[in-house]
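Here is a quick briefing to read alongside the model.

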Number of protein chains: 2
Amino acid sequence: MEIKQEKLVQIGELAKTLGITTRTIRYYEEIGLMGPSERLGGGTRTYNRDDILRLKFILKLKELGISLKEMQELAKNFDINQQSFGTITPKLLEILDGHISKVDQKIANLASLRKEIVDYRSRISDILQGHVPEVS
Amino acid sequence: MEIKQEKLVQIGELAKTLGITTRTIRYYEEIGLMGPSERLGGGTRTYNRDDILRLKFILKLKELGISLKEMQELAKNFDINQQSFGTITPKLLEILDGHISKVDQKIANLASLRKEIVDYRSRISDILQGHVPEVS
DNA sequence: CATATAGCTTACGTAAAGGTCAAGTATAAA
DNA sequence: TTTATACTTGACCTTTACGTAAGCTATATG
């Protein structure tokens, strides 16, 4: 039986390599996004490869506009049955499908917003050209 | 010399017709977006046609995703010379252009997110079919 | 006159995503 | 051993756009 040799990093180093602050990492743990990490004797948090992947995933989703609250919703279903990947996957597909719809909806909303802004912009631009706009 | 007969409304009625709360209107005054309105004897605020147009304009910009802070920037230019709509528009165009870019950026990000989710979804779907995925 | 309704000011509360400070502990280097 | 970092928890601070409550005034109506 061989001993697993995990490469462990502390919170400061992890934060630095990811370009975030330690507060952010602790905050994600605080709200349950990261799950309690292993501690050293003195209480110092340590992170292994899986922890780091998870954190990177969170940052990726955040970068793309998913709120921490939405991630918490996702995390519920992820964490409840972490054991059997086979039984969770159908549910996971369902969740992902839901998210695809949500994203599609957001894209549609933004596209509509964009059109409105552009239209409004051109009306204002007309004013600068001396055109008389209609009162709305 | 004829006396101007302005139709004046009070805050409650104005709020109701615009679908906002009185708090919102007072707040806009509080932060200088609306300028102090005329008061009746008892101190009750009254709004004339220009005030109402201005408030509608604010709501329109808000609807387009412009923050109250950004509007305050606009208001600076707006208040100095209230007559000339011409002096405010270039600044407004600038802000609107910035917003169009922002929205475009968000749309691009969401599109990218969508692709990622779809990819992830299909990898998971593969697992259900018995395929062995690569570790990423 | 009493009550109802609308208005007034002051000021604290809220959510999101952390920032910042305080006071204490642990570990490594000089 | 002293000093310098890095870490810990706890708790209050920040911003945005108002919500909400308290306590008071003014106007309309029965």
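Predicted model: local features only at pLDDT ≥ 70, side-chain atom pairs only at ≥ 80, totals over all residues.

**Starting from one residue**

A:Glu38 counts as exposed, with 12 C-beta neighbours inside 10 Å. Residues are numbered from 1 along each chain as its sequence is written, while chains are lettered from A and ligands numbered from 1 in the order in which they are written.

- A:Glu38 sits in strand S2 (residues 38-39) of chain A; helices (H or I, at least four residues) and strands (E, at least two) are DSSP runs, numbered from the N terminus.
- From A:Glu38 to A:Asn48 it is 10 residues in sequence and 8.7 Å in space, C-alpha to C-alpha.
- A:Ser37 belongs to the loop between H2 and S2 of chain A.
- Is A:Ser37 exposed or partly exposed? It counts as partly exposed, because it has 19 C-beta neighbours inside 10 Å.
- Leaving out residues up to four places away in sequence, A:Ser37 touches A:Glu29, A:Arg45, A:Thr46, A:Tyr47 and A:Asp51; being in contact means that the C-beta atoms, placed from the backbone, lie within 7 Å.
- A:Leu110 is 73 residues from A:Ser37 along the chain, and their C-alpha atoms are separated by 38 Å.

**Chain A and its sheet**

- Chain A has five helices and three strands, running β-α-α-β-β-α-α-α from the N terminus on.
- Of the 136 residues in chain A, 10% are buried.
- Among contacts in chain A with a separation of 6 or more, 48% link residues 24 or more positions apart.
- The three strands of chain A make an open sheet in the order S1-S3-S2, with antiparallel pairing; two strands pair if DSSP finds at least two bridges between them.
- Strand S1 (9-10) and S2 of chain A are at the edges, each with a single partner strand, so one side of each has no neighbour in the sheet.
- Two bridges hold S2(A) and strand S3 (residues 45-47) of chain A together in the antiparallel sense, and A:Arg39 stands opposite A:Arg45 in S3(A).

**The sheet in chain B**

- Chain B also has an open sheet of three strands, in the order S1-S3-S2, with antiparallel pairing.
- S2(B) and strand S3 (residues 45-47) of chain B are joined by two bridges, and B:Arg39 has B:Arg45 in S3(B) as its bridge partner.

**Two chains together**

- The contact draws 24 residues from chain A and 28 residues from chain B.
- On the side of chain A that touches chain B there are 16 nonpolar, four polar and four charged residues. (Ala, Val, Leu, Ile, Met, Phe, Trp, Tyr, Cys and Pro count as nonpolar, Asp, Glu, Lys and Arg as charged, and the others, Gly among them, as polar.)
- The same surface serves both copies, as 96% of the contact residues of chain A recur in chain B.

**Nonpolar cores**

- The largest nonpolar core has 16 residues, of which B:Ile58, B:Met71 and B:Ile95 touch the most other members. (A core is a set of buried Ala, Val, Leu, Ile, Met, Phe, Trp, Tyr and Cys residues joined through C-beta atoms within 7 Å.)
- H5(B) gives this core its largest share, four residues.
- Another core, of six residues, lies apart from it and includes A:Leu14, A:Tyr28, A:Leu55 and A:Ile58.

**Facing the DNA**

- Which residues come nearest to DNA strand D? Of the 19 around it, they are A:Gln10, A:Gly12, A:Arg45, B:Gly42 and B:Leu68; a residue is near a strand if its C-beta atom, placed from the backbone, lies within 6 Å of it.
- The surface near DNA strand D has three nonpolar, 10 polar and six charged residues.
- Around DNA strand C there are 20 residues, and A:Gly42, A:Leu68, B:Gln10, B:Gly12 and B:Arg45 come nearest.
- The surface near DNA strand C has four nonpolar, 10 polar and six charged residues.

Methods: Contact = placed C-beta atoms within 7 Å. Buried ≥ 20, exposed ≤ 12 C-beta atoms within 10 Å, placed from the backbone.
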